[in-house]
Amino acid sequence: MFCVECGREGPTTGGLCPACFARKHPLVDPPPHVDVPRCQACGSLLVGSTWTRAELDQAVPTILRAKVPGRPPFARVRFTHVAREEDANNFALTVKASTSHEGMELVQDFHTRLRLKPSLCDPCAKQRSRYFEGIVQVRAEDRGLTPGELRAVRTFVQARVDRAARESSEFLSRVEATHGGLDFYVSSNALGKVLARELASAFGGTLTTSSKLFGQKQGKEVYRVTSLVRLSAFRPGDVVRRKGALSEVTKVATFLVLRDLVSGEERRFRPRDLRGAVRVDAERFAADLEPADGDDAVVATHPETGAQRAVTSRGPLKRGRAVVVWTADAAFLSALPGDPSKG
Ligand SMILES: [Zn+2]
Ligand SMILES: [Zn+2]
């Protein structure tokens with residue numbers, strides 16, 4: 001077959017070779033410029049109707065497919081391109097559009113300018129407006145959070161929110177230090193609930209939630225859920241009196257583990273089951289244990305005051321160095337490391 005236009009030999013459609021066919025039937029109408037909104041805060045690009053974190057160069061073919069439709073009868077047009085940066089927001093694009101049509105590969109080359117338009121993506125716009133749904137309050141029972149706990153809780157929440165932000169458009173709207181604790185304002189109630197549950201189990205606390213209607217969004221009622229995580233009054237190492245018995249707290253997580261200082265037995269408690277327990281002033285240090293007058297008894301010597309006290313824990317007491325808990329009127333063996341500033 002010969003092309004009726006240029007006389008070249010080869011396959012034809014309607015008497016035209018691919019080159020003449022493409023010239024007579026352009027694949028696309030090249031636009032003078034293609035505008036792409038880019039978030040000023042996070043760099044996301046609006047491609048079609050979605051914000052994406054993709055690199056500009058990788059997003060260009062998708063952007064072109066959305067912005068430069070194929071002319072009938074060409075429904076599926078592919079694009080390859082070369083971009084030359086003119087300035088931070090303008091790129092000269094050399095584009096090759098191609099499609100298959102009745103067994104022919106048709107191509108059309110054109111130039112256009114891609115212009116980045118400063119904008120704000122939906123998550124960033126919400127964040128800037130301090131939007132929030134879920135509130136997570138972290139407090140401790142009968143005390144303020146320690147500086148270490150404040151740091152650890154903030155780090156924990158930030159890491160969890162960062163993870164959620166990568167998977168969906170969640171964000172932390174703001175954090176407020178208040179009433180000896182922290183308030184976290186987060187983008188959704190679902191995130192707030194997950195955070196609260198994970199905080200309660202990681203730091204040992206009870207969890208209560210309440211919700212309040214605060215408005216409508218697209219015809220749906222929107223609630224704000226407040227989750228209160230109340231950390232235990234007790235921390236690892238605390239000595240507590242419960243029902244007349246003294247214990248040391250060896251672990252604080254979903255459950256608290258209390259070790260009886262006399263019997264050495266450990267028991268697990270839910271934080272709320274320890275409401276009646278009180279903290280007792282005590283020191284913990286490594287001391288030398290020496291035999292006392294009695295058969296099995298040993299005495300511990302306070303490393304600073306030199307005071308001596310019989311160790312009243314049950315079981316075989318070895319002589320030598322051991323960590324003891326020292327209260328106002330007794331000494332016990334401890335299962336925890338001593339305070340490094342003593343002994
Ligand atoms: Zn031709
Ligand atoms: Zn953004």
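This is a predicted model: local features need pLDDT of at least 70, side-chain atom pairs count only at pLDDT 80 or more; totals for chains, interfaces and linings use all residues.
Let me begin with one residue: leaving aside residues up to four places away in sequence, Cys6 touches Cys17 and Cys20, where touching, or contact, is taken to hold if two C-beta atoms, placed from the backbone, lie within 7 Å. Residues are numbered from 1 along each chain as its sequence is written, and chains are lettered from A and ligands numbered from 1 in the order in which they are written.

To stay with Cys6 for a moment, this residue sits in the segment before helix H1 (18–24); helices and strands here are DSSP runs, H or I of at least four residues for helices and E of at least two for strands, numbered from the N terminus. Is Cys6 buried or exposed? It counts as exposed, because it has 11 C-beta neighbours inside 10 Å, and the rule is that 20 or more other C-beta atoms within 10 Å make a residue buried, 12 or fewer make it exposed, and anything in between makes it partly exposed, with C-beta atoms placed from the backbone. From Cys6 to Gln158 there are 152 residues in sequence and 67 Å in space, C-alpha to C-alpha.

Now to the overall layout. The protein chain is divided into domain 1 (18–122), domain 2 (130–231) and domain 3 (239–333), with bounds that come from an automatic or database domain assignment. Taken over C-alpha atoms, the centres of domain 1 and domain 3 are separated by 74 Å.

I will take a hairpin next. Strand S4 (residues 78–87) and strand S5 (residues 90–101) run antiparallel and are joined by 9 bridges, where pairing requires that DSSP finds at least two bridges between two strands. The hairpin connects S4 to S5 through 2 residues, and Glu85 stands opposite Phe91 in S5. Of the 10 residues of S4 the number buried is 0, so this strand lies largely in the open. In the loop between helix H2 (56–67) and S4 we find Pro73, and a cis peptide bond with omega of about 10° joins Pro72 and Pro73.

Let me turn to an open sheet of 5 strands, whose order is S8-S9-S7-S11-S10 and whose pairing is mixed. Its edge strands, each pairing on one side only, are strand S8 (172–178) and strand S10 (205–217), and the twist averages 15° from one strand to the next. In general, strands of a sheet pair through backbone hydrogen bonds, either parallel or antiparallel. S10 and strand S11 (residues 220–231) run antiparallel and are joined by 12 bridges, with Gln216 standing opposite Glu221 in S11.

Which helices lie across these strands? Helix H4 (residues 147–167) lies across strand S7 (134–140), S8, strand S9 (181–186) and S11, running at about 10° to S9, while helix H5 (residues 189–203) lies across S7, S9, S10 and S11, running at about 10° to S11. These angles use axes that are lines fitted to C-alpha atoms, for helices over the stretch in contact, and they run from 0 to 180 degrees between N-to-C directions. The axes of H4 and H5 come within 11 Å and cross at roughly 140°, which makes H4 oblique to H5, given that angles under 35 degrees count as roughly parallel, over 145 as roughly antiparallel, 65 to 115 as roughly perpendicular and the rest as oblique. Among the residues making the contact are Val153, Phe156 and Val157 of H4, and Leu191, Leu195 and Leu199 of H5.

Two loop residues deserve a mention. Asp142, in the loop between S7 and H4, has a positive phi of about 60° although it is not a glycine, and with 12 C-beta neighbours inside 10 Å Asp142 counts as exposed. His179, in the loop between S8 and S9, is likewise not a glycine and has a positive phi of about 50°.

Finally, Arg279 lies in strand S16 (residues 278–280) and is partly exposed, with 15 other C-beta atoms within 10 Å. Residues up to four places away in sequence aside, Arg279 touches Ala233, Phe234, Asp238, Val239 and Val240.
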